[in-house]
Amino acid sequence: MNRIELSQPTRAEGSKMKIVIVGCVAGGASAAARARRLDASAEIIAFEKGEHPSFANCGLPYYVGGVIEARKKLLVAPIDMLRQRHRLDVRPGHEVTSIDTANKTVRVRDLEQNREFTEHYDKLILSPGATPIRPDIPGINSPRVLSLRDLADADRMHAAATADAKRAVIVGAGFIGVEVAENLVHRGIHVTVLQQDAQILSPWDPEMITPVDDGMRDKGIEVLLNETAIAIQETDAGVSVETRSGRQINADFVVACIGVSPDNRLAVKAGLRCAERGGIQVNAHMQTSDPDVYAVGDAVEVVDFISNSPTQIPLAGPANRQGRIAADHIFGRASRYRGTQGTAVVGVFDTTAAMTGLSEKSLRRLGRPYEKIYLHPMNHAGYYPGAQQMTLKLLFAPDDGRILGAQAVGKGGVEKRIDVIATAIQAGMTVEDLEEAELCYAPQYGHAKDAVNMAGFIASNVLRGDHPIVHVNEIPAPSDHAWIDVRTVKEFEAGHIPHATNIPIEGLPERLQELSRDRPLFVYCRVGQRGYMATRFLNQHGFQARNLSGGYLTYRLFEKAREIPKPLI
Ligand code: FAD
């Protein structure tokens with residue numbers, strides 16, 4: 001990858017600068033507002049080809065589902081406010097059709113008046129976003145195949161969902177696919193989701209996302225994994241979707257949610273450097289290969305904060321921050337974008353999944369050494385009413401304990417823990433720093449030893465060699481080890497790992513003679529705490545014991561994700 005060289009910020013404060021912005025939603029609107037705050041006299045023109053600037057893309061699925069009832073609530077910053085309070089020349093219904101970087105002009109089409117004109121700029125900021133990918137299959141251009149990117153799409157989907165529709169097929173179970181699925185269920189529509197991958201929400205590790213998958217099925221959504229649409233045919237009653245495995249699914253409409261690709265059309269035409277995967281290449285000040293043209297948001301290639309490799313992560317937070325950085329740099333401030341961590345959250349019905357940093361899948365793909373731990377803490381003190389259990393997975397470097405990523409899933413308090421760890425990652429912290437994190441506590445909010453502290457304790461114990469662990473998906477073959485289940489007899493009888501011997505922890509000291517010191521003992525309990533105590537006890541008596549990280553609950557997650565390796569079963 002050819003990185004764009006950094007250049008000195010332009011010292012323009014006080015001079016009458018003309019900034020033209022293409023796309024006035026997340027990144028573009030942030031850049032415009034920041035530019036105005038930095039320079040009261042600058043001329044700032046923001047062209048937006050859609051009907052409204054600064055609308056809430058992220059709220060669109062909830063408008064379709066009726067959770068957000070009034071469409072006008074989606075208009076985050078009304079045009080009058082942008083024009084009057086921020087004194088921005090915002091022009092909806094205007095599409096920028098080309099850029100002439102040599103003469104520093106853009107060609108603009110006024111979509112309502114159907115006329116074109118040329119606009120000069122001193123600095124240009126591109127924030128055109130990304131476009132939904134449409135699978136290249138027969139029937140994809142049917143008006144009954146919808147996607148969801150802007151207000152016009154939301155209007156179409158809202159109309160379809162409220163027009164007595166009974167069935168819908170969603171192709172793709174990414175963020176938007178699962179959010180749309182939930183919202184169509186709110187409208188009483190039977191939903192089938194086709195997901196090409198072996199799991200929904202592919203950025204997460206498979207075992208961590210099974211509770212979301214379960215929650216969707218519990219609400220009657222048919223989730224078909226390793227499945228996709230190969231053809232769509234209009235019928236008298238709606239559409240018929242043919243799947244790869246040969247199923248025919250009838251529906252009133254289809255929603256295509258198979259991802260987005262950076263909208264680089266203007267950039268490519270203007271000869272600005274773009275990456276192989278399409279993202280416009282920028283430096284840390286968000287300058288493209290032409291230093292007077294900046295690009296931000298979903299359209300740009302970013303650097304992964306942890307791996308430092310180029311990537312494409314379309315999220316609202318990064319787009320907003322990048323818009324601000326571009327405006328800063330234009331007005332002489334050397335703000336720099338640090339890279340994208342992929343901190344994300346999704347809520348489907350009452351289950352929340354959040355993540356930050358690299359997943360285990362990505363670490364493996366990158367060939368980067370890592371260790372991981374699982375825990376299942378309550379979101380707040382167990383004795384306070386309403387406590388709910390979550391699963392937290394922490395990934396860290398096995399040599400120095402630097403945090404590489406975290407994922408959590410549960411009902412309450414999930415995103416709070418991931419936000420704390422996201423900040424720790426950005427500060428370059430280690431798992432030992434998490435032991436020391438001082439977080440707010442009262443029984444209805446958390447624990448005196450918060451889930452984040454607990455993750456730090458467990459990971460630090462592993463790092464220091466005090467807590468040898470084993471993972472379900474890394475059981476060595478052949479199985480020359482023994483499984484010891486230290487839960488109660490009742491817990492054991494309700495379900496256990498195949499071939500495990502049940503020795504409740506309380507009886508362990510009396511039953512040591514049943515155990516061999518010649519082969520590894522893999523110890524487990526429900527969540528890992530009794531297993532840790534048993535492991536400490538056994539190793540102090542000359543055994544080679546390792547605790548199953550996260551215990552039987554973690555085993556069950558792997559089992560549901562069909563990720564249990566053969567030697568174990
Ligand atoms: P956008 O916000 O998409 O804005 C680009 C704008 O540029 C568009 O309005 C477009 O009309 C305009 N444009 C394009 N080309 C031209 C042109 N030539 N001339 C004039 N105007 C042009 N992210 C999250 O972090 N959390 C979420 O919960 C979340 N939910 C989402 C739900 C949905 C349904 C969608 C669609 C996205 C969601 N996102 C979410 C992603 C998030 O909205 C984007 O990452 C973010 O909006 C990107 O900002 P942007 O400025 O790059 O592009």
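Figure 1. At 19% relative accessibility, Arg91 counts as buried, because the cut-off for buried is under 20%. This value, like all others here, comes from a predicted model. Arg91 forms a salt bridge with Asp89. The closest N and O atoms of the pair are 2.9 Å apart. Asp89 is partly exposed, with a relative accessible area of 29%.

**Figure 2. Arg36, a buried charge without a salt bridge.** Arg36 sits in helix H1, which covers residues 26–38. Arg36 is buried, yet no salt bridge is found for it. The nearest side chain of opposite charge belongs to Asp39, 5.3 Å away. What does the side chain of Arg36 have 2.9 Å from one of its polar atoms? The backbone oxygen of Ala42 lies there. Leaving aside neighbours within four places in sequence, Arg36 is in contact with Ser41, Ala42, Ile44, His86, Arg87 and Leu88.

Figure 3. Helix H4 spans residues 151–161 and contains Asp153. Is Asp153 buried or exposed? Its relative accessible area is 9%, so Asp153 is buried. Setting aside neighbours within four places in sequence, Asp153 is in contact with Ser147 and Leu148.

Figure 4. Asp290 lies in the loop between helix H7 (265–269) and strand S18 (293–295). Its relative accessibility is 15%, so Asp290 counts as buried. Asp290 touches Thr101 and Leu272, not counting residues up to four places away in sequence. Leu124 is 166 residues from Asp290 in sequence. In space, the two are 9.9 Å apart, C-alpha to C-alpha.

Figure 5. Arg556 is partly exposed at 34% relative accessibility. Glu559 is partly exposed too, at 31%.

Figure 6. The structure holds 31 salt bridges. One of them links Asp164 and Lys166, with the closest N and O atoms 3.1 Å apart. At 61% relative accessibility, Asp164 counts as exposed. Which residues are linked in a network of salt bridges? They are Asp205, Glu207, Glu360, Arg364, Lys372 and Lys393.

**Figure 7. The largest cavity and its lining.** The count comes to 1 cavity of 30 Å³ or more. The largest cavity has a volume of about 60 Å³. Its lining includes Gly297, Asp298, Val300, Gln312, Pro314 and Gln322. Helix H8 (residues 316–330) gives the most to this lining, with 3 residues.

**Figure 8. The second largest pocket.** This pocket holds about 590 Å³ of space. Its lining has 25 residues. Leu375, Met454, Ile458, Val527 and Gln529 lie nearest the centre of the pocket. Strand S23 (371–375), helix H12 (451–463) and helix H14 (529–539) each supply at least two lining residues. Which element gives the most? H12 does, with 5 residues.

Technical notes
Residues are numbered from 1 along each chain as its sequence is written. This is a predicted model: local features need pLDDT of at least 70, side-chain atom pairs count only at pLDDT 80 or more; totals for chains, interfaces and linings use all residues. Side-chain values use heavy atoms; hydrogens and water are left out. Helices (H or I, at least four residues) and strands (E, at least two) are DSSP runs, numbered from the N terminus. Buried means under 20% relative accessible area, exposed over 50%, partly exposed in between (1.4 Å probe, protein chains only). Lys and Arg count as positive and Asp and Glu as negative; His and the chain ends are not counted. A salt bridge is a side-chain nitrogen of Lys or Arg within 4 Å of a carboxyl oxygen of Asp or Glu. A polar contact is a pair of N or O atoms within 3.5 Å; within protein, one must be able to donate a hydrogen and the other to accept it, and residues adjacent in sequence count only if both atoms are side-chain atoms. Contact means heavy atoms within 4.5 Å. On a 1 Å grid over the protein atoms alone, a cavity is a set of points where a 1.4 Å probe fits but cannot get out, and a pocket is an open set with protein on both sides within 12 Å along at least five of seven lines; lining residues have an atom within 4 Å of a point. Grid points are joined across faces, edges and corners, and a volume is the space filled by probe spheres set on the points.
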